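Subject: Structure for your review

Dear colleague,

Please find the structure below, followed by a summary of what was found in it.

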Amino acid sequence: MAVSASASLSKAVKKQYMELPQGEKVQAMYIWIDGTGEGLRCKTRTLDSEPKSIEDLPEWNFDGSSTYQSEGSNSDMYLIPAAMFRDPFRQDPNKLVLCEVIKYNRKPAESNLRLTCKKVMDMVEDQHPWFGMEQEYTILGTDGHPFGWPSNGFPGPQGPYYCGVGADKAYGRDIVEAHYRACLYAGVQICGTNAEVMPAQWEFQVGPCEGINMGDHLWVARFILHRVCEDFGVVASFDPKPIPGNWNGAGCHTNFSTKEMREDGGLKAIEDSIEKLGKRHRYHIRAYDPKGGLDNARRLTGHHETSNINEFSAGVANRGASIRIPRSVGQEKKGYFEDRRPSANCDPYAVTEALIRTCLLSEEGDEPADY
């Protein structure tokens with residue numbers, strides 16, 4: 001099993017330094033999305049005292065030419081603090097700070113999808129949109145081979161691994177447990193986890209989160225996962241189809257509701273939203289992975305619990321549909337629905353914004369409206 005060289009460094013030696021007192025100073029790790037729309041970057045600065053709110057955090061800058069975000073001749077980009085969490089790696093009073101990226105001219109970077117998402121969420125805040133996202137991922141060795149798989153072959157076929165227990169069924173649970181506890185410590189709204197259908201594939205769920213918080217909390221949960229995997233010397237992959245062939249892909253199923261949907265008789269609002277989504281399938285497919293649908297084309301084949309990327313479908317308790325209405329929602333006539341199309345490497349800001357634009361702002365056509 002290929003693990004990173006740094007994983008073999010003594011954690012006991014590191015621990016003696018991490019236990020040294022830090023005085024009044026605070027370490028703030030600034031986190032941002034790079035130019036790929038998928039990768040995360042981070043760097044740390046010292047603050048003189050513990051920040052109590054976002055307003056206490058200074059803007060910062062970085063070299064955008066090294067993150068696929070600018071040219072070398074004009075490389076300064078700005079980090080604008082957007083959400084703050086406790087740091088589970090350095091622990092209190094240190095912070096994780098999720099940032100928006102803006103360019104030298106104060107316009108958002110191309111990969112900064114949070115700005116428009118926030119604007120759209122503010123337009124519908126009286127409808128209290130809730131989201132819950134189910135983030136699937138695959139644990140890989142540093143050589144790209146799935147964790148725990150035979151080096152020159154494949155494990156037994158899918159069947160015993162989903163929610164599995166035992167050394168021959170659950171591959172890498174230590175990582176899952178560490179990530180879960182780190183998210184709880186940080187204040188991320190993580191609400192569950194389970195082993196998935198393919199061995200070495202896992203899922204965690206974040207939510208319910210209202211409005212812009214969905215994207216903020218999922219991105220920080222992803223960052224924490226990458227950092228936990230770094231400590232263990234392995235890699236977390238959000239590729240929507242990491243292993244070709246008869247193996248499940250990885251998605252980020254998105255559950256959505258509004259205040260009206262959650263109240264008695266809300267099924268009517270759910271059905272209205274699904275009808276709108278059916279007329280705008282191509283727009284959503286483009287928004288649901290960072291490559292405009294190309295990544296998802298490998299996953300949404302109509303097999304392995306997915307719908308076909310070219311067709312829209314909806315059904316009660318149907319995991320082969322684009323949109324699934326949970327059976328309990330059909331019985332109670334209120335609740336939420338699940339959009340099963342987003343890929344594991346989607347940008348949650350793009351996904352949640354698209355749902356609001358179509359379902360609540362009643363936009364039509366293949367392009368988003370400009371407000």
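This is a predicted model. The protein chain is divided into two parts, domain 1 (7-111) and domain 2 (121-360). Their centres, taken over C-alpha atoms, are separated by 26 Å, and the contact draws on 21 residues from domain 1 and 24 residues from domain 2.

Regarding the interface, about 1,900 Å² is buried between domain 1 and domain 2, with carbon and sulfur atoms giving 70% of that area. On the side of domain 1, Glu-38, Phe-85 and Phe-89 lose the most area to domain 2, and together they account for 33% of what that side buries.

The side chains of Lys-291 and Glu-38 meet in a salt bridge, at 3.1 Å from N to O. Across the interface, 5 residue pairs are in polar contact. Strand 1 (26-33), strand 2 (40-47), strand 4 (76-86) and strand 5 (95-102) each supply at least two residues of the side of domain 1 that touches domain 2.

As to nonpolar packing, the largest nonpolar core has 69 residues, of which Tyr-137, Val-188, Ile-224, Phe-256, Phe-337 and Leu-355 touch the most other members. Helix 4 (residues 213-232) contributes the largest share, 10 residues. Because domain 1 and domain 2 both give residues to this core, it lies between them. A second, separate core of 14 residues includes Val-26, Tyr-30, Trp-32 and Trp-60.

Finally, beyond its neighbours within four places in sequence, Tyr-137 is in contact with several residues, among them Val-176, Trp-202, Phe-204, Leu-225 and Phe-238.

Yours sincerely

How values were computed:
Residues are numbered from 1 along each chain as its sequence is written. This is a predicted model: local features need pLDDT of at least 70, side-chain atom pairs count only at pLDDT 80 or more; totals for chains, interfaces and linings use all residues. Side-chain values use heavy atoms; hydrogens and water are left out. A nonpolar core is a set of buried Ala, Val, Leu, Ile, Met, Phe, Trp, Tyr and Cys residues joined through side-chain atoms within 4.5 Å. Buried means under 20% relative accessible area, exposed over 50%, partly exposed in between (1.4 Å probe, protein chains only). Helices (H or I, at least four residues) and strands (E, at least two) are DSSP runs, numbered from the N terminus. Domain bounds come from an automatic or database domain assignment. Contact means heavy atoms within 4.5 Å. Buried area is the accessible area (1.4 Å probe) that two parts lose on being put together, summed over both. A salt bridge is a side-chain nitrogen of Lys or Arg within 4 Å of a carboxyl oxygen of Asp or Glu. A polar contact is a pair of N or O atoms within 3.5 Å; within protein, one must be able to donate a hydrogen and the other to accept it, and residues adjacent in sequence count only if both atoms are side-chain atoms.
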